[in-house]
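Here is a short briefing on one structure. Look at the chain and its ligand before reading on.

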Amino acid sequence: MDKNQQQLINQFPILKQKINKFPLVYLDNAATTQKPQVVIDALVDYYTNFNSNIHRGVHKLSQKATEAHEQARITVKDFIKASSSKEIVFTKGTTDSINLLAFSLGESMLKENDEIIVTELEHHSNIVPWQMLCERKNVKLKVIPVNDEGELLLDEYANLLNERTKIVAVGHVSNALGTINPIQEIIDLAHQYKALVLIDGAQAIAHIPVNVQELDCDFYAFSGHKMYAPMGIGVLYGKKHLLEQIQPYQGGGEMIESVTFEKTTYNELPFKFEAGTPNVEGVLGLEAAIHFLLKEDLNQLSKFESEVLNYATEQLNKISRVKIIGNAAKKASVLSFLIDGIHPYDAGTILDQLGIAVRTGNHCAEPIMNRLGIRGTIRASFAAYNTKEEVDRLVAAIHKTIDMFG
Ligand code: PLP
């Protein structure tokens, strides 16, 4: 193993433990990543030294917490190369970001017979909020299909677009199959029809450097907990002029400028979208995770991950009873597979007994499972701390599972 990678692994205290007497092999990173010590320390520091509600206090602790919270917004802005921190809305996570957007865009900009395009690969969080909007506003949902490898059919996409298309909502990386979608082409084509584009970046943000200005996406959503940060914090990036045009999602707390019983006026961006006491600890943890990613170098981390993904793909392809599901030419950090004759749940249970954490089921992506004619898969998903030695453990455990089930 690379010395740099060992130094990286050492920063994750949870990885040192044993599960069922075996050293833990954590391969459920698409569900949530583990947290490095610097992120844990950021939370402890906040609660030990300056816990306080923000934006409204004149006292020292409140000022310190407010400053740290707003500095973290600048860190996020710089990380995704947004043009202003007003474009960074803190949310609970990707699901919350997409629900916010679907509600606010729907109320402000959509009318009957407009159209929204999603893809067959989406996580339920990037389907259901749009479906709810379609029902509310009598808008039509259209779906970009995939080929058998799990790649989007761009010709079909081009045929779905027309002057009624108002929103295109696409995942950057598929959580079920690992496909990296050609989001640049998707954005550029949508803009030819003046449609707005949301990228669901939940599975990309920890693996691929994102530059929202270069991409020219209108909105980009992600969760902290899938990028080494705490749960309960996420981001919705939106172009400033668009966020200014759409109405808030929730009322109360920090989102107001003035309230009377006759009329309420809303706060400026991004506070207009941040009702209630924010998740200050989460925001500080997110900032610590971004510093961690920058210090370790995201490009270097992605390199570790692709080496492990390629090695795992090669090794699993050698096992005759294993079938890899999703063989897109461009993939990131997710390896979905089936073992002939063994239910994914049973395989997952045996792997757990051997200290290996994988996910089984439909991965909140039922439509792609239906398209591929399967109920679910076993999913190994990698982070920068996973190693080829861990892949060897996975391979040995798969052989053992096959032996046990005959
Ligand atoms: N989108 C994708 C592609 C995901 O993988 C996930 C979670 O697995 C989500 C959205 C939802 O993220 P969260 O549960 O953090 O809101």
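This is a predicted model: local features need pLDDT of at least 70, side-chain atom pairs count only at pLDDT 80 or more; totals for chains, interfaces and linings use all residues.

**Helix 3 and what follows**

- Helix 3 covers residues 60-79, 20 residues in total. At 1.5 Å a residue it should span 28 Å, and its end C-alpha atoms are 28 Å apart, so the two values agree.
- Buried positions in helix 3 include Ser62, Ala65, Thr66, Ala68, His69 and Ala72. Arg73, Thr75, Val76, Lys77 and Phe79 are buried as well.
- The buried residues of helix 3 pack against both helices and strands. The helices are helix 2 (37-50), helix 10 (280-296) and helix 11 (298-317). The strands are strand 4 (88-91), strand 9 (219-223) and strand 10 (234-238).

- Strand 5 (residues 115-119) and strand 6 (residues 140-144) run parallel. Five bridges join them.
- Ile116 has Leu141 in strand 6 as its bridge partner.

**Ligand surroundings**

- Residues around the ligand include Ala30, Thr94, Thr95, His123, Ser125 and Asn175. Asp200, Ala202, Gln203, Ser223, His225 and Lys226 are also around the ligand.
- The side chain of Gln203 places an N or O atom 2.7 Å from an oxygen atom of the ligand.
- For Ser223, a polar side-chain atom is 2.7 Å from an oxygen atom of the ligand.
- In the side chain of His225, an N or O atom lies 2.7 Å from an oxygen atom of the ligand.

Notes: Residues are numbered from 1 along each chain as its sequence is written. Side-chain values use heavy atoms; hydrogens and water are left out. Two strands pair if DSSP finds at least two bridges between them. Helices (H or I, at least four residues) and strands (E, at least two) are DSSP runs, numbered from the N terminus. The expected span of a helix is 1.5 Å times one less than its number of residues. Buried means under 20% relative accessible area, exposed over 50%, partly exposed in between (1.4 Å probe, protein chains only). Contact means heavy atoms within 4.5 Å. A residue is near a molecule or strand if one of its heavy atoms lies within 4 Å of it. A polar contact is a pair of N or O atoms within 3.5 Å; within protein, one must be able to donate a hydrogen and the other to accept it, and residues adjacent in sequence count only if both atoms are side-chain atoms.
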